[in-house]
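The structure under discussion is shown here.

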Amino acid sequence: MVTGWKAYLSVSENAAHRCAGDESLRRAYRPLREAIRGVVEAAKPKTVACLGAGVLNDIPYRTLVQSDATLHLVDWLPDLVETGITHGIIRTGDDDRPECIYCRLDDDRARAYCARFERASPEAGVCRHFARGPKDEFLCTAFKRGAEPKIHGQDATAGYASAFATALGEELPQATSWKQAFGAANAISRRVRRQREPLDIADHSVDLVTSSMVLSQFEHQPYNYFAEQAATLLGPPRRRDERKLDAAMKALRTTLVTNQIVRHCQEIERILAPGGRCFMAFELFHHDRERECWFLVGQMHQALAIVAERFEFDFDLLPETHLALRFDPPDKSSLVYAFVLKAKKPAPSPPPG
Ligand SMILES: C[S@@+](CC[C@H](N)C(=O)[O-])C[C@H]1O[C@@H](n2cnc3c(N)ncnc32)[C@H](O)[C@@H]1O
């Protein structure tokens, strides 16, 4: 039985909720959070879109809320974003009492962020409805999301990855061999390039876009969805078939990653306001703990070439000394490369005559 793409995504969503409030992950993401915070403080954007926002571990959410910017948080797993917000808004104040970031805003803005907001006393760190979580005193169970920030449960590749996975879920059940499965997947990966579903964010409206560790995900999904569903349907490929299928597998991985990066970059270009900036970060090297060596991540060196074709680099807003950041979650280590990008100037028109 092949699981449809939407059902598959919601299973991953359930599993990913545990990333919220995980202190070791928060620590690992800190260098990225600090790098983005620096860019926010320097660029002072009025509108910010965080693509692949997830549970906000790499997003300086409090800084963004305090900055007064209009916020768009985009993830194809939108419930994760809500969980991330719930875990991010309450912190310890100077006197060790809980303090809510929203309750520090003026009344209108606080109400826009939390539908339950009702001012207690001006000096109180939380509002009248604050109710601590049963296990975590820094969670407010009364919190109810308001109209802000805008959460978009959408695909940051303008629908390319979802269109591939949806069509695959429908067509894969007809395959009776791995050769047919790869044939169908490769054909779909080319065919769905014609489909486009832009984010619900207006053209040229965003001063700062963040794409933190999103490109890194394109290596895994939706390829893993294909591989897992094909294995469920057909069983694992035989060793001698594996060798024969190698070229089809590499072609599929390359087409999926390349198209996702191109479409993601096009979507960033579309929403960037004139003079706007994009903070982009992705894993370029992984550490192999068994062999004790670092290796270049398969498709990601191509990502840099695709990005460089479309954007110019700004090494003033994020100095080159911050280019490489160490990412050390509990189970792996990688080197993340971070860039600030700006739209390319159009090529000068040829002289008349
Ligand atoms: C490695 S996480 C980045 C960390 C994330 N900001 C966090 O704190 O959880 C990548 C995020 O991008 C999202 N994502 C991956 N591909 C996506 C796509 N095509 N469209 C929208 N979101 C995507 C994932 O759901 C995930 O939440």
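The model is predicted. The crossing of α10 and α11 is right-handed. The largest pocket has a volume of about 1200 Å³, and the count of cavities of 30 Å³ or more comes to 2.

**Helix α10 with helix α11**

- Helix α10 spans residues 239–271 and helix α11 spans residues 300–310; their axes come within 10 Å and cross at roughly 30°. That angle makes α10 roughly parallel to α11.
- On the α10 side, the contact is formed by V257, T258, I261, V262, C265, Q266 and E269, which meet M300, Q302, A303, I306, V307 and R310 in α11. By class, this contact has 8 nonpolar, 3 polar and 2 charged residues.

**Helix α6 with helix α10**

- Helix α6, residues 160–171, has an axis that comes within 9 Å of that of α10, and the two cross at roughly 145°.
- Y160, A161 and F164 of α6 meet L252, T255, L256, N259, Q260 and R263 of α10. The residues in this contact divide into 5 nonpolar, 3 polar and 1 charged.

**Largest pocket**

- The lining of the largest pocket comprises 41 residues, and A16, C19, Y29, L80 and Q217 lie nearest the centre of the pocket.
- Helices α1 (5–16), α2 (23–43) and α8 (215–218) each supply at least two residues of this lining. The largest share, 4 residues, comes from α1.
- By class, the lining of the largest pocket has 19 nonpolar, 14 polar and 8 charged residues.

**Largest cavity**

- The largest cavity holds about 110 Å³ of space.
- A total of 15 residues line the largest cavity, with C100, C103, C114, C127 and C140 lying nearest its centre.
- The lining of the largest cavity divides into 13 nonpolar, 1 polar and 1 charged residues.

**Second largest cavity**

- About 40 Å³ of space lies in the second largest cavity.
- The residues S216, E219, H220, E283, H286, V297 and M300 line the second largest cavity.
- By class, the lining of the second largest cavity has 2 nonpolar, 3 polar and 2 charged residues.

Key
Residues are numbered from 1 along each chain as its sequence is written. This is a predicted model: local features need pLDDT of at least 70, side-chain atom pairs count only at pLDDT 80 or more; totals for chains, interfaces and linings use all residues. Side-chain values use heavy atoms; hydrogens and water are left out. Axes are lines fitted to C-alpha atoms, for helices over the stretch in contact, and angles run from 0 to 180 degrees between N-to-C directions. Angles under 35 degrees count as roughly parallel, over 145 as roughly antiparallel, 65 to 115 as roughly perpendicular and the rest as oblique. A crossing is left-handed if the near helix is turned anticlockwise from the far one by less than a right angle, and right-handed if clockwise. Contact means heavy atoms within 4.5 Å. Ala, Val, Leu, Ile, Met, Phe, Trp, Tyr, Cys and Pro count as nonpolar, Asp, Glu, Lys and Arg as charged, and the others, Gly among them, as polar. On a 1 Å grid over the protein atoms alone, a cavity is a set of points where a 1.4 Å probe fits but cannot get out, and a pocket is an open set with protein on both sides within 12 Å along at least five of seven lines; lining residues have an atom within 4 Å of a point. Grid points are joined across faces, edges and corners, and a volume is the space filled by probe spheres set on the points.
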